[in-house]
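Here's a quick walk through one protein model, from strand pairing to helix packing and domains. Have a look at the structure first, then read on.

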Amino acid sequence: MTSHPGSTGPQATQDILASLHTVRDWLRYGVSRFVAGNVYCGHGNESPWDDAVQLVMQTLNLPLVENVQFLDARLVSTEKTCLLERIERRVHDRVPVAYLTGEAWFMGLAFFVDERVLIPRSPLAEFLAVGGEPWLAERPVRRILDLCTGSGCIGIAAALQFPEAQVDLADISPEALAVAERNIARYDLQDRVRAVQSDLFDQLEGPYDLIISNPPYVDEADLASMPAEYHHEPALGLASGPDGLDLTRRMLDQAARYLTPDGVLVVEVGNSAEALDEARDDLPFTWLEFDQGGHGVFLLNRQDLPG
Ligand SMILES: C[S@@+](CC[C@H](N)C(=O)[O-])C[C@H]1O[C@@H](n2cnc3c(N)ncnc32)[C@H](O)[C@@H]1O
């Protein structure tokens, strides 16, 4: 029986394991499989090559950059078997690489992730990387709330950027909060950062100087047409009603009560920005612009919010 590229029967598997020896071989094989399998890259990686580098190097516990000295190193058979299994799960099951390796990056920081949380990719990283300036205009930031925290990436990055601040990470999902707790411990931030289970503001006590959020905001039409990779993410992290704005509407109605008089609300709504601008033409949204891509993030001051 002849095997063809992409074949994964027992004979083909043996051929692959016997033919691929070095890190370079596995990078080449990975990228070929991902291109042929037409995988969708939208979870922090921009191309099948990026996916292959992340999958191969992280599986082997090798650095993602400055790694040429390892390219001709040979793999042992257990490493090969593990890599082949992950490459096949990426192609057949469409599992995003971050869930296969258990790691994703936000603002250059590594976070543990699994299928209980969304894979970090928010443009809010750029807002935080510059300490919120010029938008925060040097206001004091003593208490921060990361609402809809998922892995905790936004709140933990905020805690590192504002080293004096106390930070609450809130999510309705206890499963997501278990991941956030693990990331709080990873950055040794237990003294300033806590995870709170809460349906939006229900279990929270203000006031906060900064409320920052990447809530679910995908509308029904977008949800129906998303590539299979997104269906590995928790539905609770994506869907938010017909126009994607159910949660954001509730947030806008309640946020003022949880902000200091000078407080600021910063929320990502992505493709639902236009619908929100139309639905709430009573609110003076400032739409943030980003150098590194991303859109649909608004800022509102406490005094601009209802209530
Ligand atoms: C788009 S994910 C964002 C995760 C993380 N902030 C990030 O940027 O990677 C949205 C998160 O909101 C949470 N969520 C959904 N409904 C919620 C609610 N009513 N109250 C609090 N959190 C909620 C989900 O569990 C999910 O973790």
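How many bridges join strand 3 to strand 4, and do they run parallel or antiparallel?

## The sheet

This is a predicted model. In it, strand 3 (residues 143–147) and strand 4 (residues 166–171) run parallel, and five bridges join them. Within that pair, I144 sits opposite V167 of strand 4.

Zoom out and you'll find an open sheet of seven strands with mixed pairing, in the order 5-4-3-6-7-9-8. The edges go to strand 5 (193–197) and strand 8 (286–287); each has a single partner strand, so one side of each has no neighbour in the sheet.

## Helices across the strands

Helix 7 (residues 153–161) lies across strand 3, strand 4, strand 5 and strand 6 (208–213), and runs at about 160 degrees to strand 3. Helix 8 (residues 174–186) lies across strand 4 and strand 5, at about 175 degrees to strand 5.

## Helix 3 and its partners

Now for helix packing. Helix 2 (residues 23–36) packs against helix 3 at an angle of about 135 degrees, with the axes 8 Å apart. The two are therefore oblique to each other, and the crossing is right-handed. From helix 2, the contact uses V23, W26, L27, G30, V31, F34 and V35, while helix 3 brings P48, W49, D51, A52, V53, L55 and V56. By class, that's twelve nonpolar residues, one polar and one charged.

Helix 4 (residues 77–92) is another partner: its axis and that of helix 3 (residues 48–59) come within 10 Å and cross at roughly 150 degrees. Why call this pair roughly antiparallel? Angles over 145 degrees count that way, so helix 3 and helix 4 get that label. Their crossing is right-handed. Helix 3 makes the contact with D51, L55, V56 and T59, and helix 4 with C82, L83, R86, I87 and R90. This contact has five nonpolar, one polar and three charged residues.

D51, L55 and V56 of helix 3 turn up in both lists: they are among the residues that contact helix 2 and among those that contact helix 4.

Nine residues from domain 1 and ten residues from domain 2 make the contact. On the domain 1 side, the residues that touch domain 2 come out as four nonpolar, four polar and one charged.

Notes:
Residues are numbered from 1 along each chain as its sequence is written. This is a predicted model: local features need pLDDT of at least 70, side-chain atom pairs count only at pLDDT 80 or more; totals for chains, interfaces and linings use all residues. Two residues are in contact if their C-beta atoms, placed from the backbone, lie within 7 Å. Ala, Val, Leu, Ile, Met, Phe, Trp, Tyr, Cys and Pro count as nonpolar, Asp, Glu, Lys and Arg as charged, and the others, Gly among them, as polar. Axes are lines fitted to C-alpha atoms, for helices over the stretch in contact, and angles run from 0 to 180 degrees between N-to-C directions. Helices (H or I, at least four residues) and strands (E, at least two) are DSSP runs, numbered from the N terminus. Angles under 35 degrees count as roughly parallel, over 145 as roughly antiparallel, 65 to 115 as roughly perpendicular and the rest as oblique. A crossing is left-handed if the near helix is turned anticlockwise from the far one by less than a right angle, and right-handed if clockwise. Two strands pair if DSSP finds at least two bridges between them.
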